[in-house]
Amino acid sequence: MSDNRQSLSDLAQIAAEAAAVPAPAPVAAEAAATPAAPAADVEAEAPAAPVEPAAPTMPLRAQEIDNLGRAYATGRRKDAVARVWVKPGTGKITVNGRDQEIYFARPTLRLVINQPFGVTDRNGQYDVIATVKGGGLSGQAGAVKHGIAQALTKYEPALRSAVKAEGFLTRDSRVVERKKYGKAKARKSFQFSKR
């Protein structure tokens, strides 16, 4: 087995070699080759270069909508599982048949639920119907957020990159650690008695 680890001095040497190689400058070469070209044309060509990387690197996914014009997704967090339907509307969010202000009384939980809409600038544009079971209120709010983010990308595939960049499409894998025998909880020990 060969040792391919690199030290900081190796990395510095590689960086120096990369900096020593001159980068091609086609705009500067064209300007030098044609001295009769007006300066306005050179300035007009320069801003055109950054526009090209804005093109999507991946093809958009197909829109997934049911017969009623809704997008469905499942969200999970801790022990909570949320079934979420998203459709165009006025921004009403219903959780287990109740309004979000009643079901999630804490303002922080309502902030968590509305995060996907805030990131995509879609506040008040979609109605959400969710059914949640399992876990506590915090886990349920996280599950609804995960479901809304998934359903939003199914309804508008163009929003996927913005939602994914915030990490809302990834299922949070942190769950409660199991209790061990000989311990009070997962890590907490019983009171130690020397004799």
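Tutor: Let us begin with a term: a nonpolar core is a set of buried Ala, Val, Leu, Ile, Met, Phe, Trp, Tyr and Cys residues that are joined through side-chain atoms within 4.5 Å. Please keep in mind throughout that what we are reading is a predicted model.

Student: With that term in hand, how many residues does the largest nonpolar core have, and which of them have the most contacts inside it?

Tutor: The largest nonpolar core has 25 residues, and Phe104 and Val144 are those with the most contacts inside it. At least two residues of this core are supplied by each of E1, E2, strand E3 (93-95), H5, E5 and H6, while the largest share, 7 residues, comes from H6.

Student: What is Phe104 in contact with, once its neighbours within four places in sequence are left aside?

Tutor: Phe104 is in contact with Val95, Leu109, Arg110, Ile113, Leu137, Gln140, Ala141 and Val144, so a reader who selects Phe104 in the viewer can follow that list through the model.

Student: Which pairs run antiparallel, and which run parallel?

Tutor: Strand E1 (residues 71-77) pairs with strand E2 (residues 80-88) in the antiparallel sense over 7 bridges, and E2 pairs in that sense with strand E5 (residues 126-133) over 8 bridges. E3 and E5, by contrast, run parallel and are joined by 3 bridges. For landmarks, Arg77 has Ala80 in E2 as its bridge partner, Val84 has Ala130 in E5, and Ile93 stands opposite Val128 in E5.

Student: How many residues lie between E1 and E2 in their hairpin?

Tutor: The hairpin formed by E1 and E2 has 2 residues between the strands, and Lys78 in the turn has a positive phi of about 50°.

Student: Is Ala130 buried or exposed, and what does Ala130 touch?

Tutor: Ala130, which lies in strand E5, has a relative accessible area of 2% and is therefore buried. Not counting residues up to four places away in sequence, Ala130 touches Arg83, Val84, Thr94, Val95, Asn96 and Val144. Ala130 and Trp85 are 45 residues apart in sequence, yet their C-alpha atoms are 6.3 Å apart in space.

Student: Turning to charged side chains, how many salt bridges does the structure hold?

Tutor: A salt bridge is counted when a side-chain nitrogen of Lys or Arg is within 4 Å of a carboxyl oxygen of Asp or Glu, and the structure holds 6 of them. One of these joins Arg122 to Glu156, with the closest N and O atoms 2.9 Å apart. That pair links distant parts of the chain, 34 residues apart: Arg122 is in the loop between helix H5 (107-120) and E5, and Glu156 is in the loop between helix H6 (137-155) and helix H7 (160-165).

Student: Which residues are linked in a network of salt bridges?

Tutor: Arg77, Asp172 and Arg174 are linked in such a network, and within it the side chains of Arg174 and Asp172 meet at 2.7 Å, N to O. Arg174 is exposed at a relative accessible area of 58%, whereas Asp172 is partly exposed at 23%. Elsewhere, Glu177 forms a salt bridge with Lys180 at 2.6 Å between the closest N and O atoms; Glu177 counts as partly exposed at 37% relative accessibility, and Lys180 is partly exposed at 26%.

Terms used
Residues numbered from 1 in each chain as written. Predicted model: local features only at pLDDT ≥ 70, side-chain atom pairs only at ≥ 80, totals over all residues. Heavy atoms only, no water. Pairing = 2+ DSSP bridges. Helix = DSSP H or I, 4+ residues; strand = E, 2+ residues; numbered from the N terminus. Buried < 20%, exposed > 50% of the residue type's maximum accessible area, 1.4 Å probe, protein only. Contact = heavy atoms within 4.5 Å.
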